[in-house]
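Colleague: Thanks for sitting down with me. Could you show me the model and walk me through the wording you use for it?

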Amino acid sequence: MGGKRMSKEEKRQAMLGIYHKSKQVYTENEILKLASKEGITGNEGVIKDIHNSLIDDNLVEKSKIGQQNFFWSFPAKKQRMAEIQLKKTEENIEVLKVKVEEAKARLTDAKRGREDDDGERSKKLARLTEIGKERQALETELAALKESDPQAIADLEKELNYVTQAANRWTDNIYEAHSFLVKKKGMEKKQANRMLGITDAFDYPEDKIPK
């Protein structure tokens, strides 16, 4: 690394590279020693944490034989995990597309019959439009991934989480509209449901996103 300080992700990739270059099975002590030779710096606890993160992400396999743990990882494993993660990301995007459109439609219905004295609801609807654009940007970024890149996928998941949180905020707005119709306009709950286009099963979208 030429003296350059490695980031956590660089350390993860360097450690994974040890397995993929040698295609060997190691004990924990062996892999920690090899990691040090590869320039993965830090105390033993830090290096173990890096190694454990690869195990947690299913990039490194672990098996106990007798009293000893053994570890290994082959290049095909990383590629397969990247493909699985990419498929999961694509599925999440499709779910979010539906949820955002539903939230947008329900917010439009909720606005009918309500005064917008301070302009706040108009601002919220404008923000919903911005979220739609952000969603489109995520789809474009996903399409641009020519090869499975775990770090790019991880970054994309963060963006998806942001969009999910935003969809939840619009769901809050729908609940607010429902409360307004019932408490301020004196509507029955079922009547308010019909006006907003929801049922008693209506809930926050992130609770229904597959894991």
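Modeller: Happy to! Contact here means heavy atoms within 4.5 Å. Please keep in mind that this is a predicted model.

Colleague: Which residues does Y19 touch, not counting residues up to four places away in sequence?

Modeller: By that cut-off of 4.5 Å, Y19 touches Q24, Y26, I31, H51, V60, F71, W72 and S73.

Colleague: And what makes a set of residues a nonpolar core?

Modeller: Its members are buried residues of nonpolar types such as Met, Tyr and Ile, joined through side-chain atoms within 4.5 Å. The largest such core has 18 residues, and M15, Y19, I31, A35, I40, L54 and V60 touch the most other members. Two or more residues come from each of α1 (8-22), α2 (28-37) and α3 (44-56), with α1 giving the most, five.

Colleague: How do you know that the buried residues of α7 line one face of the helix?

Modeller: In α7 (residues 189-196), A192, N193 and L196 are buried, meaning under 20% relative accessible area. Viewed down the axis, these buried residues fall within an arc of 105°, so they line one face. K190 and R194, on the other side of α7, are exposed, which means over 50%.

Technical notes
Residues are numbered from 1 along each chain as its sequence is written. This is a predicted model: local features need pLDDT of at least 70, side-chain atom pairs count only at pLDDT 80 or more; totals for chains, interfaces and linings use all residues. Side-chain values use heavy atoms; hydrogens and water are left out. Buried means under 20% relative accessible area, exposed over 50%, partly exposed in between (1.4 Å probe, protein chains only). Helices (H or I, at least four residues) and strands (E, at least two) are DSSP runs, numbered from the N terminus. The arc is that of the directions from the helix axis to the C-beta atoms.
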